[in-house]
Amino acid sequence: MRAAANNGAMTEATEAITAGCLWLRGFLSLEDQLELAEHIDRHDRTPVKPRPMDPQPRTLILGDDGGPSLSYAFGETSVVNLMVERCNEHLKSHANLHVLGVEDITRYSAIKMATISYEAPNGSFPPHVDHCNDGSLVYLASLGQTANFTIKSPSMAEVRRLKFRSGDILIFDAGSDASILHGVVSIDEAAPNAPTGALATRFPVFRNHRYGVQCRVFRERQR
């Protein structure tokens, strides 16, 4: 996996939304997205059920233990580890770490990855704060159709609305103190010649779905 090219420290591809939250637009190349989708598909054990009349977002069952998440230790070479480490290298080299209130995130103890599937156009998730007071950061990658996403922190006067596209990553503080309120309003339906076409060719679910790939990264505790 390699990060998409960018042109500067705080270019249009990397934006500080608010204290504790960074948006990396177009960070994952198509090749990166295909690798991540393949990794999820290989571990997906979600039962196949008839489509309901009003489909709700669904957390995928990953792995053989019936749980919703996969775990990765520091030093593993999984596609998830590599994605997180590419993000970390980018933020460190472009002096963005101060936005997250940390000095070094290149070392971490573990990652937990879960994936939520949203069907277009009505897939949504109400605004919420994660309240994970364990020092973790969330690296949220988007695959497939574009999500209409909202962000609001206590220091922001208004809610920020984002077009959260396939290949974008949001990195934010998951703690109660940061109070990063975030949610999904809806999912855009595919347009002709949409850039997700190649992804949907390999994985047809992306013709009308968006995956929110949440990687919770647990930082190494200071000694």
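Guide: This is a predicted model, and its largest pocket holds about 580 Å³ of space.

Visitor: Which residues lie nearest the centre of the largest pocket, and how many residues line it?

Guide: The lining has 25 residues, and Arg58, Leu60, Ser117, Val205 and His209 lie nearest the centre. The elements that give two or more residues to this lining are helix 1 (30-43), strand 5 (108-119) and strand 12 (209-219). By class, the lining of the largest pocket has 14 nonpolar, 4 polar and 7 charged residues.

Visitor: Why is His131 called partly exposed?

Guide: The relative accessibility of His131 is 49%, and partly exposed covers what lies between buried, under 20%, and exposed, over 50%, so His131 counts as partly exposed. His131 sits in the loop between strand 6 and strand 7 (137-144), and, although not a glycine, His131 has a positive phi of about 55 degrees.

Visitor: What makes Ser179 count as partly exposed?

Guide: Ser179 has a relative accessibility of 24%; because buried means under 20% and exposed means over 50%, Ser179 counts as partly exposed. Its place is the loop between strand 10 (169-173) and strand 11 (181-187), where Ser179, a residue other than glycine, has a positive phi near 50 degrees.

Visitor: How do you know whether the peptide bond from Ala120 to Pro121 is cis or trans?

Guide: Omega for the bond from Ala120 to Pro121 is near 0 degrees, and the bond is cis. Pro121 belongs to the loop between strand 5 and strand 6 (125-128). Most peptide bonds are trans, and most residues other than glycine have a negative phi.

Notes: Residues numbered from 1 in each chain as written. Predicted model: local features only at pLDDT ≥ 70, side-chain atom pairs only at ≥ 80, totals over all residues. Heavy atoms only, no water. 1 Å grid on protein atoms, 1.4 Å probe; cavity = no way out; pocket = protein on both sides within 12 Å on 5 of 7 lines; lining within 4 Å. Points joined across faces, edges and corners; volume = space filled by probe spheres on them. Helix = DSSP H or I, 4+ residues; strand = E, 2+ residues; numbered from the N terminus. Nonpolar A, V, L, I, M, F, W, Y, C, P; charged D, E, K, R; others polar. Buried < 20%, exposed > 50% of the residue type's maximum accessible area, 1.4 Å probe, protein only.
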